Amino acid sequence: MNNGRVARTTRAVYPGSFDPPTYGHLDVVERASHCFDELIVAVVVNPQKRDPMFHIEERERMLVECVAHLPNVRIQTFRGLLADYVKAQKADVIVKGLRVVSDFENEMSTALMNRALSKVDTMFLMADQKYSFVSSSIVKEVFFLGGDVAALVPEPVLRVMSAKRANLHTS
Ligand code: PNS
């Protein structure tokens with residue numbers, strides 16, 4: 001009991017494409033892991049984003065390495081509706097990251113739709129402002145045009161990206 005209330009475990013789901021995971025994503029994961037008892041990072045096959053650069057299994061493996069220091073975080077993958085997934089997981093909350101105000105416009109309608117479908121609310125966390133310009137798509141573009149993204153993605157991600165770039169150049 002906690003102030004007369006029964007203490008219960010809180011489970012959050014942080015969904016995303018993570019194609020690839022960035023330090024901005026990892027920052028949100030770390031912050032959310034301090035807010036909830038359990039955090040599931042759910043890697044989604046997003047039908048709106050055709051031709052991902054990384055297979056879902058690659059994204060899952062990269063994330064597993066990136067969160068190895070966070071004991072209450074686990075990685076899963078799923079296809080289909082997020083609302084169905086969070087209900088199946090008995091999640092209390094969906095976590096999303098916001099970088100800039102313009103992110104909010106899309107996220108608001110998505111959060112309302114997910115709540116209408118699942119009764120699960122979305123909570124937004126801001127990543128550190130030093131990651132406010134970091135997105136998976138900008139990281140991919142800069143990296144594959146030869147730019148240095150070492151400050152923007154965790155080491156396990158940089159390793160997989162470098163291997164993919166080397167493969168592109170040899171094939
Ligand atoms: O990292 P992203 O691509 O911004 O993540 C968006 C994502 C994958 C969380 C969102 O597209 C999603 O929830 N997809 C699952 C399909 C779904 O439930 N669509 C309806 C959303 S209201």
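The model is predicted: local features need pLDDT of at least 70, side-chain atom pairs count only at pLDDT 80 or more, and totals for chains, interfaces and linings use all residues. Residues are numbered from 1 along each chain as its sequence is written, and side-chain values use heavy atoms, with hydrogens and water left out. Helices (H or I, at least four residues) and strands (E, at least two) are DSSP runs, numbered from the N terminus. Buried means under 20% relative accessible area, exposed over 50%, and partly exposed in between (1.4 Å probe, protein chains only).

**Sheet**

- Five strands form an open sheet with parallel pairing, in the order β3-β2-β1-β4-β5; two strands count as paired if DSSP finds at least two bridges between them.
- The edges are β3 (73-78) and β5 (121-126), and each has a single partner strand, so one side of each is left without a neighbour in the sheet.
- From one strand to the next, the twist averages 30°; axes are lines fitted to C-alpha atoms, and angles run from 0 to 180 degrees between N-to-C directions.
- Strand β1 (residues 11-16) pairs with strand β4 (residues 93-98) in the parallel sense over two bridges.
- Val13 has Ile94 in β4 as its bridge partner.
- Strands of a sheet pair through backbone hydrogen bonds, either parallel or antiparallel.

**Loop between β1 and α1**

- Phe18 is found in this loop, between β1 and α1, and is buried, with a relative accessible area of 2%.
- Although Phe18 is not a glycine, it has a positive phi of about 50°.
- The peptide bond from Asp19 to Pro20 is cis, with omega near 5°, and Pro20 lies in the loop between β1 and α1.
- Most residues other than glycine have a negative phi, and most peptide bonds are trans.
- Pro21 lies in the loop between β1 and α1 and counts as buried at 2% relative accessibility.
- In sequence Pro21 and Pro154 are 133 residues apart, while in space they are 7.9 Å apart, C-alpha to C-alpha.

**Helix α1**

- Helix α1 (residues 23-35) has 13 residues and reaches 19 Å from its first C-alpha to its last, close to the expected 18 Å; the expected span is 1.5 Å times one less than the number of residues.
- At the start of α1, a side-chain oxygen of Thr22 comes to within 3.1 Å of the backbone nitrogen of Gly24.
- Among the buried residues of α1 are Gly24, Leu26, Val28 and Ala32.
- His25, in helix α1, also counts as buried, at 18% relative accessibility.
- His25 and Ser135 are 110 residues apart in sequence and 8.9 Å apart in space, C-alpha to C-alpha.

**Aromatic rings**

- The whole structure holds five aromatic pairs; rings of Phe, Tyr and Trp (its six-membered ring) pair if their centres lie within 6.5 Å, with planes under 30 degrees apart counted as stacked, over 60 as edge-to-face and the rest as tilted.
- One of the pairs is Phe78 with Tyr85, which is stacked at 4.3 Å centre to centre and 10° between the planes.
- Phe78 is buried at 7%, and Tyr85 is buried at 8% relative accessibility.
- Phe143 and Phe144 form an edge-to-face pair, 5.1 Å centre to centre with 90° between the planes.
- Phe143 is buried, with a relative accessible area of 2%, whereas Phe144 is partly exposed at 21%.
- The charged end of Arg165 sits over the ring of Phe143, 3.9 Å from its centre; this requires NZ of Lys or CZ of Arg within 6 Å of the ring centre and within 35 degrees of the ring normal.

Notes: A polar contact is a pair of N or O atoms within 3.5 Å; within protein, one must be able to donate a hydrogen and the other to accept it, and residues adjacent in sequence count only if both atoms are side-chain atoms.
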